[in-house]
Each structure stands twice: as structure tokens, then as C-alpha cells.
Amino acid sequence: MVRLGRPHLDQVLEIERASFPTPWPRDHFLFEMHQHRFAHNVVLERDGEVWGYACVWFVYEELRINNIAILPSHRDRGLGSRLLRWLLDAGRRRGCRRATLEVRPSNVPALRLYRRHGFRAVGRRKDYYSDTHEDAIVMERAISRDRGAAS
């Protein structure tokens, strides 16, 4: 994983548009990259091609996962799991005790990924997504202090 930089941004925006009904605009990514003090954004790349990315916040003892997306042509290869494992390990290294996120109930592949990695539903945010008025499922999991321990 490498930190998201301007050279990656056009490819990340393509993945973002292919992955989400209401994609983040360029200026949102730029704010996250340069001004948001809790933000940490990474890309999974090979030979200059961005295969996936993640936008997270490290907020004291919480890893807040905002976006994870994989290039459509590279999905179903375990890259989302690889990226998520890396994020959880990065959270552990920074002293995070839990990881949280919101996900659309209609995003079945994401729900499967998160459940496979120990996330559980802990709540619901009514009418969370302004584009479809879909609720959000709030999910979380513990992050162990011990490297490699399953929490």
C-alpha cells in the first residue's frame, strides 16, 4: 500500500465513479489528502495502475473506514480482503481498539467482506444515503492489541 497522492487521483476517481451511486468529487479527495488531520488514504497499485483504494480516519482509538473500492476488472481476486486486513493492521499499529463503518444494505458484496473479517451490525442510520434514502448499517469490530490475534 502507498499513500494516495495526486498522481493516483484520476484513477481513484474512475474507481470511485464505478463503485458508488454518489461518488466523492475530486475536491473531497483533495481535502482528505491535504487538510483533514485524521485522514489516511492509501492505494493498492501495481506497475502504476491503481487496483483499489481506501479512505479512513484514525480518530484516537477508532479506525473509521469511509471508503474501500476495487477496480471493477480486478474484483473477486481477494484484493478487498487484502486492503481491509492492511487497514486493520494499520489501525492496530496506531493504537486503535475498534473499527467502524457504514454500509448500504443493498451492497451485498461489501456486507459479505466485512462479515468475513469479523464486523457485526451494531446499528442502523435511517435515511442515511441522500441519493436513494437507503438506511446505513453501522458495523464495527474490535481490533486486538496483539499482532495476528483474531478479535
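Student: Why does H36 count as buried?

Tutor: Buried means under 20% relative accessible area, exposed means over 50%, and partly exposed is in between (1.4 Å probe, protein chains only). H36 has 17% relative accessibility, so it counts as buried. This is a predicted model, in which local features need pLDDT of at least 70 and side-chain atom pairs count only at pLDDT 80 or more, while totals for chains, interfaces and linings use all residues. Residues are numbered from 1 along each chain as its sequence is written, and side-chain values use heavy atoms, with hydrogens and water left out.

Student: Which residues does H36 touch, not counting residues up to four places away in sequence?

Tutor: They are F31 and W57. Contact means heavy atoms within 4.5 Å. H36 sits in the loop between helix 2 and strand 2 (39-46); helices (H or I, at least four residues) and strands (E, at least two) are DSSP runs, numbered from the N terminus.

Student: What makes the pair T22 and D131 a polar contact?

Tutor: A polar contact is a pair of N or O atoms within 3.5 Å; within protein, one must be able to donate a hydrogen and the other to accept it, and residues adjacent in sequence count only if both atoms are side-chain atoms. The side chains of T22 and D131 make such a contact at 2.6 Å. In sequence the two are 109 residues apart.

Student: How do you know that a space is a cavity or a pocket?

Tutor: On a 1 Å grid over the protein atoms alone, a cavity is a set of points where a 1.4 Å probe fits but cannot get out. A pocket is an open set with protein on both sides within 12 Å along at least five of seven lines, and lining residues have an atom within 4 Å of a point. Grid points are joined across faces, edges and corners, and a volume is the space filled by probe spheres set on the points. The count comes to one cavity of 30 Å³ or more, and the largest cavity holds about 40 Å³. The largest pocket has about 1,000 Å³.

Student: Which residues line the largest cavity?

Tutor: R3, L4, E32, M33 and N41.

Student: Which element gives the most to the lining of the largest pocket?

Tutor: Strand 4 (62-70), with seven residues.
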